[in-house]
Amino acid sequence: MEAARIYSSHVKRGICFAGRIAEMFLEYVKYYRWGENGMNDLEMYREQLAMCDDKIIDALVERNAIVEKIMEYKEMYGMPVLQPAQEKKQEQRRQERLQDNCYREEIEDVFGRIVRNSRKIQARKLFHYNIVLIGFMGSGKSTVSDYLSMMFAMDVIEMDQVIAEQQEMSIPDIFETYGEEYFRNLETNLLVEMQSRQNVIISCGGGVAMRDENVAEMKKNGRVVLLTASPQTVYERVKDSGERPLLSGNKNVEYIAGLMEKRREKYEAAADIVIQTDGKTVLQICEELVTKLVELDEEDV
Ligand code: S3P
């Protein structure tokens, strides 16, 4: 009897073990079905994914080379580099194509990056230096630097803003608390610091070009662009701003004209190129800026 009981218990354990093996085999089959070529489906999908990545890489290389060709073509035929209307058209075409696509959001996100990187490629090709904007208050330095930054995906260093952030104080408060000389030294220090940056736009405060040592810093690694505007235009642009301590109590065309005249010689001596901004759109100003910088480079060759 005892022998029979032991025998039956072994048989039961054996069945249980066999059952477990069968279960594991089924699990295995469930997750790793073998394809005809000896590759299971998961491996096959991974292989397909890798091939898709290769296609994306090839397409991006091709796309970037076309971007460079377009730039060369525009340059050869003296065409404007900045063509926002054309970019808009291209974007519309993409959106139409993606209209009913279930991955629309994800694909648009990727295209945002692609377009941004094309702009960077253009910027690197056009400017191997920093673009330093100088000029009187209200001459359009911030507006132009924002637009250039968007069109060429370049970083902007807005000097007043960086100084205000570093000091945790507004510019008028710095003037009032520490005086103008202190502020001017902050400007010089920041310019020196900025020499480590490349292919950026530096938007200077209106007084930065007054110090010769500052101009020497700007020219180490950058081209200096002077933006000009008439006293009347400057007045219109700054009349509602409370951010210009030098104009507080003197916000009128005569005062602006006087200070502008005092600074004119220094501004002009610092400038590599000059752009008059009255009555022009920001696109026209930026286009002129790019054309003049490219011409300057051609002269230098
Ligand atoms: C100044 C111009 C201001 C600012 C500060 C002094 C100047 O910058 O740096 O108020 O001396 O012309 P914006 O030219 O950007 O207004």
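## The sheet

In what order do the five strands of the open sheet stand? The order is β2-β3-β1-β4-β5, with parallel pairing; two strands pair if DSSP finds at least two bridges between them. Strands (E, at least two residues) and helices (H or I, at least four) are DSSP runs, numbered from the N terminus.

This is a predicted model, where local features need pLDDT of at least 70, side-chain atom pairs count only at pLDDT 80 or more, and totals for chains, interfaces and linings use all residues. Residues are numbered from 1 along each chain as its sequence is written, and side-chain values use heavy atoms, leaving out hydrogens and water.

Now look at the edges: β2 (156-158) and β5 (273-276) each have a single partner strand, so one side of each has no neighbour in the sheet. Four bridges join β5 to β4 (residues 222-228), and Val 225 sits opposite Ile 273 in β5.

## Two helices side by side

Helix α3 (residues 84-98) packs with helix α4 (residues 104-126) at about 160°, their axes 11 Å apart. Axes are lines fitted to C-alpha atoms, for helices over the stretch in contact, and angles run from 0 to 180 degrees between N-to-C directions. That makes α3 and α4 roughly antiparallel (over 145 degrees).

## A tucked-in arginine

Arg 211 is in the loop between β3 (201-203) and α9 (212-221). Arg 211 counts as buried because its relative accessibility is 18% (buried means under 20% relative accessible area, with a 1.4 Å probe and protein chains only). Leaving aside neighbours within four places in sequence, Arg 211 touches Glu 181, Arg 184, Asn 185 and Thr 188.

Methods
Buried means under 20% relative accessible area, exposed over 50%, partly exposed in between (1.4 Å probe, protein chains only). Contact means heavy atoms within 4.5 Å. Angles under 35 degrees count as roughly parallel, over 145 as roughly antiparallel, 65 to 115 as roughly perpendicular and the rest as oblique.
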